[in-house]
Amino acid sequence: MHEFRYRRNTLYCEDVSVFDLADRFGTPLFVYSYHTVIDHYVKLQKAFGPANPLICYSVKANSNLAVLKALIDKGAGLDVVSGGELFRAFKAGCPAQRIVYASVGKTEGEIEEAVRRGILFFNVESTPELNAINRISKKLRKVTAVALRINPDVEPKTHKFITTGKITNKFGIDFASAESLLLKAHAFSHVTIKALHIHIGSQITESGPFVSAISRMVRLIRRLNNRGVRIEYLNIGGGLGIVYDKEAPQTASAFASKILPLIKESGLKIILEPGRFIVGNAGILVTKILYVKETRRKTFLIVDAGMNDLIRPALYDAYHRVIPVKVKKSRLHTKGIIADVVGPICESGDFLAKDRKLPALHEGEYLAVMGAGAYGFSMSSNYNSRRRAEEVMIVKDRVFVIRKRESLEDLVRNENIPPFLLGL
Ligand code: LLP
């Protein structure tokens, strides 16, 4: 479900015209539907209801404070991966006991902050990291709860850059090492290993890879139980795929109906870490056509959003639907075009869509790049000294600016010219 629909030939987000938003706030502009975010969260929560899961929304997908606060208010926890995301989590008012913290490269300072705050779990990715958490906890006179992130070595059938649960990936600890670590867990005086964690990849559209990874985990937990090691929680990660093009991903309830039976008998508490599933289709990127450039071989729609705003097409060859914000009746009977939708950045990789069939469009018209709610703004940059876009959240007919467009001064705010270059 998402709240982006045409009404009288104009694209709406909930009850607000996207055309009016683009006119009022300028482009590039990210537009998010509050109710879509919440609907996705609630769907997952309901589907896993019998297991009473803690859903830790993955902050990296879209880390705007307003998005975080909206989800926290509905009972969500957060999955963070850096000191910066931890800061955001607290800034948005997330209780520490609803925060889990993954990342292969947590620094001393980051660990210290999370230990002090008493988060629910660190998702520990290696033995040296476990040693570091133990040492820092001892220094702070705390006992810290951790989950071991297991690399279950399964093939998630997704893009290689977003595959994380193969043994050749840098993430997690292999089964044998994890097992021996758990059996000598008493050697770590200031950590308790309460949970196991997996995250096998992202944009996974079928439940098979999840089922095989989770089954392996349940077997491991049973083996450990038999040897006196008790695991309280299983964190099954994120990775649920969404529709960008013609995918037919599993629904929340279909997914839950495959997973719940696997853990039913175990008495394990469940944590999920979805990112894309919650926000992916809750956001669009609105952009304006600057020029229509015809070459002998191709038509280019040159727009004012680029790879700095949405890097997914350049980085993963990702498909995002591109649609006009206004459907013009006059062109219904005219021949369409095949065009590349490209940004203004000085790189050939700066495209949003390739060889796309579109109606005949003109300069000044607005386009909506769909499915831009996850890994859109959060991966955006200032490359080519472009100001990062404005973000608005729509709640029925109300419009809230949740991040204003950066100013030119913002671009140079932390830069200094050394005195010698100023002749001083
Ligand atoms: N948990 C962990 C430990 C993760 O590493 C990730 C994503 C998630 C949860 C959330 O995954 P999701 O439910 O959103 O699939 N930039 C890429 C996606 C990278 C995902 C990284 N990890 C993209 O735009 O497709």
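Mentor: Look at C13 first: its bridge partner in β3 is V16. This is a predicted model, where local features need pLDDT of at least 70 and side-chain atom pairs pLDDT 80 or more, while totals for chains, interfaces and linings use all residues. Numbering runs from 1 along each chain as its sequence is written, and side-chain values use heavy atoms, leaving out hydrogens and water.

β2 (residues 10-13) and β3 pair antiparallel over two bridges; strands are DSSP E runs of at least two residues, helices H or I runs of at least four, numbered from the N terminus, and pairing takes at least two bridges. The whole thing is an open, antiparallel sheet of three strands, ordered β1-β2-β3. That leaves β1 (4-7) and β3 (16-17) as edge strands, each pairing on one side only.

Now for the largest pocket, with about 630 Å³ of space. A pocket here is an open set of points on a 1 Å grid over the protein atoms alone, where a 1.4 Å probe fits, with protein on both sides within 12 Å along at least five of seven lines; lining residues have an atom within 4 Å of a point. Its lining has 32 residues, with K60, T164, F171, H199 and Y375 nearest the centre. α10 (276-279) and α11 (312-316) each supply at least two lining residues, and α11 gives the largest share, three. Because domain 1 (4-31 + 280-406) and domain 2 (34-279) both contribute to the lining, the pocket lies between them; the bounds come from an automatic or database assignment.

Notes:
Grid points are joined across faces, edges and corners, and a volume is the space filled by probe spheres set on the points.
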